[in-house]
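The sequence and structure are shown first.

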Amino acid sequence: MQKILFIEDESALQRTLGKKLELAGYTIIEAMDGEKGIELAKSEKPDLILLDLILPKKNGFDVLKEIRSFEKTKNIPVIILTNLDGTKEVEKALEFGATTYLVKINYSLEDVIEKIGKILSKNEN
């Protein structure tokens, strides 16, 4: 079973999307802040990371930079899932190594799950 680390401080979204991902067959690991997210990325080695940018303790950009700097985590696909829709944020996230960037309001939960499935199936091949 593929493992997804979901780093998100909005508990309602984490709970709702987390349940849908579990129903889709994924194992979900959850972190409510950036520091815990980095810790879990290193210890759990997830198949994919779903990352918010606005987080307590460490923001998503810092989390992404750290994930990319460690040998064990540098190749894990990272989907940015955020409310920030500015061009500067998108460019910065992609420059730091995000696999893709999704603005929450533009995607349904089903769309997010479909994107995750596509990215994970590419990595299996």
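Phe6 stands opposite Leu50 in β3. The model is predicted, so local features need pLDDT of at least 70 and side-chain atom pairs count only at pLDDT 80 or more, while totals for chains, interfaces and linings use all residues. Residues are numbered from 1 along each chain as its sequence is written, and side-chain values use heavy atoms, with hydrogens and water left out.

Strand β1 (residues 3–7) runs parallel to β3, and 4 bridges join the two. Strand β4 (residues 78–82) also pairs with β3 in the parallel sense, over 3 bridges. Ile49 has Val78 as its bridge partner in β4. Between β3 and β4 the chain passes through helix α3 (residues 60–69), and this β-α-β crossover is right-handed. Right-handed means that, with the strands pointing away from the viewer, the path from the first strand over the helix to the second runs clockwise. Strands (E, at least two residues) and helices (H or I, at least four) are DSSP runs, numbered from the N terminus; two strands pair if DSSP finds at least two bridges between them.

Within β3 (residues 48–51), Leu48 and Leu50 point one way, and Ile49 and Leu51 point the other way. All four of these residues are buried, that is, under 20% relative accessible area, where exposed is over 50% and partly exposed lies in between (1.4 Å probe, protein chains only).

## Salt bridges around Lys104

The whole structure contains 10 salt bridges, each defined by a side-chain nitrogen of Lys or Arg within 4 Å of a carboxyl oxygen of Asp or Glu. One of them joins Lys104 to Glu8 at 3.1 Å, N to O. Lys104 lies in the loop between β5 (100–103) and α5 (109–124), and Glu8 in the loop between β1 and α1 (11–23), 96 residues apart.

Lys104 also forms a salt bridge with Glu10, at 3.0 Å, N to O. This pair is 94 residues apart, with Glu10 in the loop between β1 and α1. Lys104 counts as buried at 13% relative accessibility, and Glu8 as buried at 0%, whereas Glu10 is partly exposed at 36%. A network of salt bridges links Glu8, Glu10, Asp52 and Lys104.

Glu39 and Lys36 form a salt bridge, with their closest N and O atoms 3.3 Å apart. The two are separated by about one helical turn because they are 3 residues apart in helix α2 (residues 34–44). Glu39 is partly exposed, with a relative accessible area of 46%, and Lys36 is partly exposed at 35%.
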